[in-house]
Amino acid sequence: MEFDGSGWAEGRIELLPPSQGWSLLSPEPEARIDEHRWAHQARVFFGAELTLVQKKAYPSGTTPMADAVEVDIARTSSSSTPRTTSRVLVMTVPLDRAPLVRAAAAAGVRAIGGRGFDALLARARRVWQVQEPAIAGDDARAPLVVTAVLAAVLLAPVVPPGEETIFGVKGARERLQRLGW
(Lines give C-alpha, C1' and ligand atoms only; values in the text may rest on other atoms or scores of the structure.)
Protein backbone atom coordinates (compact mmCIF):
# COMPACT_ATOMS: atom_id res chain seq x y z
CA MET A 1 0.00 0.00 0.00
CA GLU A 2 1.27 3.46 -0.91
CA PHE A 3 0.76 6.65 1.12
CA ASP A 4 0.86 10.31 0.08
CA GLY A 5 2.61 13.24 1.79
CA SER A 6 -0.19 13.57 4.37
CA GLY A 7 0.02 9.88 5.25
CA TRP A 8 -3.24 9.08 3.45
CA ALA A 9 -3.52 5.76 1.63
CA GLU A 10 -3.45 6.10 -2.14
CA GLY A 11 -5.75 4.13 -4.40
CA ARG A 12 -9.04 2.44 -3.62
CA ILE A 13 -9.41 0.97 -0.13
CA GLU A 14 -11.29 -2.33 -0.17
CA LEU A 15 -12.25 -3.91 3.12
CA LEU A 16 -11.67 -7.58 3.68
CA PRO A 17 -14.57 -10.00 4.00
CA PRO A 18 -15.89 -9.87 7.60
CA SER A 19 -14.34 -13.29 8.23
CA GLN A 20 -10.84 -11.83 7.78
CA GLY A 21 -10.97 -8.82 10.05
CA TRP A 22 -12.35 -7.27 13.22
CA SER A 23 -14.96 -4.80 12.00
CA LEU A 24 -16.08 -1.76 13.98
CA LEU A 25 -19.13 0.38 13.21
CA SER A 26 -18.56 4.00 14.16
CA PRO A 27 -21.17 6.73 14.39
CA GLU A 28 -18.52 9.27 13.31
CA PRO A 29 -18.52 9.84 9.54
CA GLU A 30 -14.91 11.07 9.30
CA ALA A 31 -11.81 8.98 8.61
CA ARG A 32 -9.67 10.99 11.05
CA ILE A 33 -6.90 9.01 12.75
CA ASP A 34 -5.75 10.66 15.97
CA GLU A 35 -2.51 8.97 17.02
CA HIS A 36 -2.31 10.77 20.37
CA ARG A 37 -5.83 9.75 21.37
CA TRP A 38 -5.36 6.18 20.18
CA ALA A 39 -2.01 5.89 22.00
CA HIS A 40 -3.47 7.37 25.21
CA GLN A 41 -6.37 4.88 25.22
CA ALA A 42 -3.98 2.01 24.52
CA ARG A 43 -1.59 2.96 27.32
CA VAL A 44 -4.13 3.89 30.00
CA PHE A 45 -6.83 1.28 29.45
CA PHE A 46 -5.07 -1.64 27.77
CA GLY A 47 -1.45 -1.51 28.99
CA ALA A 48 -0.20 -1.18 25.42
CA GLU A 49 2.10 1.10 23.46
CA LEU A 50 0.60 2.11 20.12
CA THR A 51 2.26 4.05 17.31
CA LEU A 52 1.27 4.75 13.73
CA VAL A 53 3.70 3.70 11.03
CA GLN A 54 2.29 6.32 8.64
CA LYS A 55 1.94 9.68 10.39
CA LYS A 56 -1.32 11.41 9.47
CA ALA A 57 -1.89 15.08 8.64
CA TYR A 58 -5.16 16.79 7.82
CA PRO A 59 -4.40 19.96 5.86
CA SER A 60 -7.21 22.54 5.94
CA GLY A 61 -9.18 20.21 8.22
CA THR A 62 -10.00 17.80 5.40
CA THR A 63 -10.10 14.03 5.78
CA PRO A 64 -10.00 11.29 3.15
CA MET A 65 -13.13 9.38 2.13
CA ALA A 66 -11.31 6.11 2.90
CA ASP A 67 -7.94 5.47 4.50
CA ALA A 68 -5.59 2.87 5.92
CA VAL A 69 -2.74 2.85 8.40
CA GLU A 70 -0.30 0.35 9.80
CA VAL A 71 -0.24 0.32 13.59
CA ASP A 72 2.56 -0.98 15.78
CA ILE A 73 1.28 -2.38 19.08
CA ALA A 74 3.18 -3.83 22.03
CA ARG A 75 2.38 -4.63 25.60
CA THR A 76 3.74 -2.03 28.00
CA SER A 77 6.69 -3.61 29.72
CA SER A 78 9.17 -2.88 32.45
CA SER A 79 12.76 -2.20 31.46
CA SER A 80 13.71 -5.77 32.43
CA THR A 81 11.14 -7.34 30.13
CA PRO A 82 11.79 -7.30 26.38
CA ARG A 83 9.09 -5.55 24.38
CA THR A 84 7.67 -7.44 21.43
CA THR A 85 5.96 -5.33 18.79
CA SER A 86 3.42 -6.54 16.27
CA ARG A 87 2.05 -4.62 13.30
CA VAL A 88 -1.56 -4.62 12.19
CA LEU A 89 -3.35 -3.02 9.25
CA VAL A 90 -6.35 -0.79 9.95
CA MET A 91 -8.64 0.36 7.13
CA THR A 92 -11.71 2.57 7.08
CA VAL A 93 -14.47 3.30 4.57
CA PRO A 94 -17.94 4.81 4.71
CA LEU A 95 -20.57 2.28 5.79
CA ASP A 96 -22.30 2.36 2.41
CA ARG A 97 -19.12 0.86 0.87
CA ALA A 98 -19.19 -2.11 3.26
CA PRO A 99 -22.43 -4.06 2.67
CA LEU A 100 -20.90 -7.38 3.79
CA VAL A 101 -19.81 -5.89 7.12
CA ARG A 102 -23.23 -4.29 7.60
CA ALA A 103 -24.90 -7.65 6.93
CA ALA A 104 -22.55 -9.41 9.37
CA ALA A 105 -23.29 -6.76 12.01
CA ALA A 106 -27.04 -7.15 11.49
CA ALA A 107 -26.69 -10.94 11.86
CA GLY A 108 -24.69 -10.40 15.05
CA VAL A 109 -27.37 -8.10 16.44
CA ARG A 110 -30.06 -10.69 15.68
CA ALA A 111 -27.95 -13.45 17.25
CA ILE A 112 -27.75 -11.62 20.59
CA GLY A 113 -31.35 -10.41 20.53
CA GLY A 114 -30.53 -6.74 19.95
CA ARG A 115 -29.50 -5.66 23.46
CA GLY A 116 -29.15 -2.06 22.33
CA PHE A 117 -26.71 -2.90 19.56
CA ASP A 118 -29.54 -2.48 17.06
CA ALA A 119 -29.58 1.23 17.96
CA LEU A 120 -25.79 1.44 17.60
CA LEU A 121 -25.97 -0.22 14.19
CA ALA A 122 -28.66 2.26 13.09
CA ARG A 123 -26.34 5.19 14.01
CA ALA A 124 -23.26 3.75 12.26
CA ARG A 125 -21.76 5.86 9.47
CA ARG A 126 -18.28 4.41 9.02
CA VAL A 127 -16.62 1.00 9.18
CA TRP A 128 -13.14 0.51 10.58
CA GLN A 129 -11.50 -2.86 10.07
CA VAL A 130 -8.46 -4.44 11.70
CA GLN A 131 -6.97 -7.19 9.56
CA GLU A 132 -6.59 -10.63 11.09
CA PRO A 133 -3.86 -11.87 11.49
CA ALA A 134 -1.18 -9.27 12.22
CA ILE A 135 0.99 -8.36 9.23
CA ALA A 136 4.20 -8.54 11.28
CA GLY A 137 5.23 -9.76 14.72
CA ASP A 138 4.22 -12.88 16.59
CA ASP A 139 1.60 -11.73 19.11
CA ALA A 140 -1.66 -13.20 17.83
CA ARG A 141 -3.56 -10.91 20.23
CA ALA A 142 -2.34 -7.73 18.49
CA PRO A 143 -5.34 -7.30 16.14
CA LEU A 144 -7.76 -7.71 19.04
CA VAL A 145 -5.82 -5.19 21.15
CA VAL A 146 -6.01 -2.58 18.39
CA THR A 147 -9.70 -3.43 17.92
CA ALA A 148 -10.36 -2.89 21.63
CA VAL A 149 -8.57 0.46 21.54
CA LEU A 150 -10.60 1.57 18.52
CA ALA A 151 -13.85 0.37 20.10
CA ALA A 152 -13.09 2.60 23.09
CA VAL A 153 -12.00 5.63 21.06
CA LEU A 154 -14.75 5.43 18.44
CA LEU A 155 -17.52 4.17 20.74
CA ALA A 156 -18.04 1.50 18.11
CA PRO A 157 -19.43 -2.02 18.41
CA VAL A 158 -17.26 -4.88 17.14
CA VAL A 159 -18.10 -7.67 14.73
CA PRO A 160 -15.46 -10.40 15.23
CA PRO A 161 -14.13 -12.40 12.28
CA GLY A 162 -15.86 -15.70 11.68
CA GLU A 163 -18.46 -15.30 14.44
CA GLU A 164 -22.11 -14.36 14.39
CA THR A 165 -22.16 -11.91 17.28
CA ILE A 166 -21.46 -8.29 18.12
CA PHE A 167 -20.02 -6.71 21.28
CA GLY A 168 -18.53 -3.52 22.66
CA VAL A 169 -15.45 -2.49 24.59
CA LYS A 170 -16.38 -4.68 27.55
CA GLY A 171 -16.60 -7.76 25.33
CA ALA A 172 -13.23 -6.93 23.76
CA ARG A 173 -11.64 -6.49 27.20
CA GLU A 174 -13.07 -9.83 28.35
CA ARG A 175 -11.65 -11.59 25.29
CA LEU A 176 -8.24 -10.01 25.87
CA GLN A 177 -8.31 -11.05 29.50
CA ARG A 178 -9.09 -14.67 28.51
CA LEU A 179 -6.08 -14.50 26.18
CA GLY A 180 -3.80 -13.34 29.01
CA TRP A 181 -3.50 -9.64 28.08
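This is a predicted model: local features need pLDDT of at least 70, side-chain atom pairs count only at pLDDT 80 or more; totals for chains, interfaces and linings use all residues.

Biologist: Sheet first. In what order do the strands run?

Modeller: The order is β2-β3-β4-β5-β1-β6, in an open sheet of 6 strands with antiparallel pairing. The edge strands are β2 (48-52) and β6 (158-159), and each of them pairs on one side only.

Biologist: How many bridges hold β2 to β3?

Modeller: β2 and β3 (residues 67-75) pair over 5 bridges, in the antiparallel sense. Leu 50 has Ile 73 as its bridge partner in β3, and Glu 49 has Ala 74.

Biologist: Which side chains of β2 are buried?

Modeller: Ala 48, Leu 50 and Leu 52 are buried and point to one face.

Biologist: On to the core. Which residues have the most contacts inside the largest nonpolar one?

Modeller: Trp 38, Val 71 and Val 90, in a core of 35 residues. The elements giving two or more residues to this core are β1 (21-26), α1, β2, β3, β4, β5 (126-131), α4 (142-154) and α5 (169-178). The most comes from α4, with 11 residues.

Biologist: What else is there by way of a core?

Modeller: There is a second, separate core of 22 residues, and Leu 25, Ala 98, Ala 104 and Ala 124 are among its members.

Biologist: Back to Trp 38. Where does it sit, and is it buried or exposed?

Modeller: Trp 38 is in helix α1 (residues 35-46). Trp 38 counts as buried because its relative accessibility is 1%, and the cut-off for buried is under 20%.

Biologist: What does Trp 38 touch?

Modeller: Leaving aside neighbours within four places in sequence, Trp 38 is in contact with Ile 33, Leu 50, Leu 52, Val 69, Val 71, Val 90, Trp 128, Val 149, Leu 150 and Val 153.

Biologist: And how far is Trp 38 from Trp 8?

Modeller: The two are 17 Å apart in space, C-alpha to C-alpha, and 30 residues apart in sequence.

Biologist: What is around Ser 86?

Modeller: Not counting residues up to four places away in sequence, Ser 86 touches Val 71, Asp 72, Ile 73, Ala 136, Gly 137, Asp 138, Asp 139 and Ala 142. A polar atom of the Ser 86 side chain lies 3.2 Å from the backbone nitrogen of Asp 139.

Biologist: Does Asp 139 do anything with its own side chain, or what does it meet?

Modeller: The Asp 139 side chain meets that of Arg 141 in a salt bridge, 2.9 Å from N to O. Asp 139 and Arg 141 are both buried.

Biologist: How many salt bridges does the structure hold?

Modeller: There are 7. One of them joins Asp 72 and Arg 87, with the closest N and O atoms 2.6 Å apart. That pair links distant parts of the chain, 15 residues apart, with Asp 72 in β3 and Arg 87 in β4. Asp 72 is buried at 16% relative accessible area, while Arg 87 is partly exposed at 27%.

Biologist: And Glu 163, what does it pair with?

Modeller: Glu 163 forms a salt bridge with Arg 175, and the closest N and O atoms are 2.8 Å apart. Glu 163 is in the loop between β6 and α5 and Arg 175 is in helix α5, so the bridge ties together parts 12 residues apart in sequence. Glu 163 counts as partly exposed at 36% relative accessibility, and Arg 175 as buried at 16%.

Note on methods. Residues are numbered from 1 along each chain as its sequence is written. Side-chain values use heavy atoms; hydrogens and water are left out. A polar contact is a pair of N or O atoms within 3.5 Å; within protein, one must be able to donate a hydrogen and the other to accept it, and residues adjacent in sequence count only if both atoms are side-chain atoms. Contact means heavy atoms within 4.5 Å. Helices (H or I, at least four residues) and strands (E, at least two) are DSSP runs, numbered from the N terminus. Buried means under 20% relative accessible area, exposed over 50%, partly exposed in between (1.4 Å probe, protein chains only). Two strands pair if DSSP finds at least two bridges between them. A nonpolar core is a set of buried Ala, Val, Leu, Ile, Met, Phe, Trp, Tyr and Cys residues joined through side-chain atoms within 4.5 Å. A salt bridge is a side-chain nitrogen of Lys or Arg within 4 Å of a carboxyl oxygen of Asp or Glu.
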